[in-house]
Amino acid sequence: MNATATTAKHAATHAPLLGGTTPFDVMAVRRDFPALDQLVNGKPLVYLDNAATGHKPLAVLDALDGFYRGYNSNVHRGVHHLSQKATDAFEQARIDLARFIGAADHHELVFTRGTTDSINLVAHAWARRELRPGDEVLITALEHHANIVPWQMLRDERGIRLVVAPIDDAGAVDMGAFEKLVGPRTRLVACCHTSNALGTVNPIARIAEIAHARGAKLLVDAAQAVPHGRVDVRKLGADFLAFSGHKMFGPTGIGVLWARRELLEAMPPHQGGGDMILSVSFERSTYNEVPYRFEAGTPHIAGAIGLAAAARYMESVGLERIATYEGELLAYATRALSAIPEVTLVGTAPAKASVLSFVMGKGIHPHDIGSILDQEGIAIRAGFHCAQPVVERLGHAATARASLAFYNTRAEVDRLVGGLAKVLEIFG
Amino acid sequence: MSSPDPTSPTDPSPYANAVLLDHARHPRGRGAMSRATHRGRAENVLCGDTVDVSLVVEDDRVRAGAFEATGCAIVVAVASMLVERAEGWTVAGARERAAAVAAALLDGTVAFPEGFEALADLRALPTRHACALLPWKALGRAIAETSASEDYAPPDASGSSASSVL
């Protein structure tokens, strides 16, 4: 079955879900995700580690399998039938994903290995050329290491200044302080749409206004945003936007950098090789047009096709319905965890995605929480979540983190609460 | 249900092991030791857990031990068991026991040193092996030869993730 027919089949399964008044049928959604149906340590899996990676629906698995089984070939340069099919599917994936994020032009969408790769691409191909020593990159204290380290490397290499906007004790960006920190030398504001460690959702449109008013560009790390609802690059006002496939129920090893066309046109390539060139001689090579200029070598063709299938699947379920369902589930889970006296939620900003970071009791270590929950079949994450600065800023060395997707249920939240009771039995 | 479950539901849990729990809840030898002749620190960079082991070593034998730790229950429990048992060990004997613990975690046919049998319940949790080995690494650094480059590292038979943090 080809990719589009598979998605149509799955869309048909969910057709009764479309329309404002039909309740969200989470059990129907769960049937689309085969990995959810298994035992761990003898108990039904409760997968609450979605901020680390999401499971894959049949539509994605079928798209991957269909490509490799049916029309696997290299793209762009072939003259035979299968290579044309592969090229068409790969470029259709680009078009589908551009639509998914509200981009005007699919030439603005570069396939990368993921969010980290996308941010590094901006650092190397845009910032390294555009920024002078003393220019500033402004990030927030919420950032994942992927949106900290590339700028530190640029600072060490090129003498740019890295400025950090503070957060308050609830884990929200201090917008007053942020505004003051956007100054005449600020060339780039780089911030997450949604914090992976705390779930905080940033006011991106407002951040974009402030950045643009001062002549700075805005890079948005949307890795934790795209799994939870609609992300529209034009409404957000982003100049660059990065996300990963595997966090939005697509394959690993594939991601996207979206950037305004005029920015991409002015950027030299960051990697040299095949596909990113128009012609090659030993004297000189001419570079390809955008976005191919930034896609050296054979891409993760199956990955792109699978990622587009994930996007179409989410659209068939309904991006607004996903966001609404998760909002209700987050409220339920927040109430449930807040009702346990020994649990302290970490990250309590007014605007949040369905991520719950917490600590327990007098120094019950998150790794012990994680292992005890694991023995109950419950998967959470413990540590500083590749966001050491924000976890330490809120006064902890580590937290336990449960992160929910639109296939998680209230019953699973109840299992988590039961698991935490077991933790307290052992350590309370 | 689909897919066979590779972990047995009857694997013993370290959190149900009375000895480990006792040491985790009531650690022995926790605190500073100003008269220590040897000190060693080990850190798990992946999670920030840190163990400091302090020893009084005289005539090649451990006379007393203490530890400080920030970390999970397994780190604290094993550090407590270690400093409680270490009295009387020769320096070479301490190194042998550390190597034996590392080997025994990975190989069910290898016995744990006397007094550390409770660690057998950690065999089924490979992600926590680094925790159990962290106090041993700190011990190894405490009794290392004076050259800083001779860092003691327990042998890692499998090249598993345990080695990347040690």
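Analyst: The answer starts at the interface and then moves into chain A.

This is a predicted model, where local features need pLDDT of at least 70, side-chain atom pairs count only at pLDDT 80 or more, and totals for chains, interfaces and linings use all residues. Residues are numbered from 1 along each chain as its sequence is written, chains are lettered from A and ligands numbered from 1 in the order in which they are written, and side-chain values use heavy atoms, with hydrogens and water left out.

The interface comes first. Chain A brings 17 residues to the contact and chain B brings 22 residues; contact means heavy atoms within 4.5 Å. Together the two chains bury about 1,600 Å², with 53% of that on carbon and sulfur atoms. Buried area here is the accessible area (1.4 Å probe) that two parts lose on being put together, summed over both.

Polar links also cross the interface. The rule finds 8 residue pairs in polar contact between chain A and chain B, both residues at pLDDT 80 or more. A polar contact is a pair of N or O atoms within 3.5 Å; within protein, one must be able to donate a hydrogen and the other to accept it, and residues adjacent in sequence count only if both atoms are side-chain atoms.

On the chain A side, strand S1 (39-40), helix H13 (366-375) and helix H15 (410-427) each give two or more residues. Helices (H or I, at least four residues) and strands (E, at least two) are DSSP runs, numbered from the N terminus. H13(A) gives the most, with 5 residues. By type, the chain A side divides into 7 nonpolar, 7 polar and 3 charged residues. Ala, Val, Leu, Ile, Met, Phe, Trp, Tyr, Cys and Pro count as nonpolar, Asp, Glu, Lys and Arg as charged, and the others, Gly among them, as polar.

Between chain A and chain B there is 1 salt bridge. A salt bridge is a side-chain nitrogen of Lys or Arg within 4 Å of a carboxyl oxygen of Asp or Glu. Arg128(B) pairs with Asp368(A), N to O at 3.2 Å. Both Arg128(B) and Asp368(A) are buried. Buried means under 20% relative accessible area, exposed over 50%, partly exposed in between (1.4 Å probe, protein chains only).

Now the wider set. The whole structure holds 29 salt bridges over all chains. One of them joins Arg94(A) and Glu295(A) at 2.8 Å, N to O. This pair links distant parts of the chain, 201 residues apart: Arg94(A) sits in helix H4 (residues 81-100) of chain A, and Glu295(A) in the loop between S12 and H11 of chain A. Arg94(A) is buried at 0% relative accessibility. Glu295(A) is buried at 7%.

Glu136(A) and Arg161(A) form another salt bridge, at 2.6 Å, N to O. Strand S5 (residues 136-140) of chain A holds Glu136(A), and strand S6 (residues 161-165) of chain A holds Arg161(A), 25 residues apart. Glu136(A) is buried at 11%, while Arg161(A) is partly exposed at 45%. Asp96(A), Arg99(A), Arg312(A) and Glu315(A) are linked in a network of salt bridges.

Last, the backbone. The peptide bond from Val290(A) to Pro291(A) is cis, with omega near 0°. Pro291(A) is in the loop between strand S12 (285-287) and helix H11 (301-317) of chain A. Asp275(A), a residue other than glycine, has a positive phi near 80°. Asp275(A) is buried, at 12% relative accessible area. Cys386(A) also has a positive phi, near 55°, but is partly exposed at 40%.
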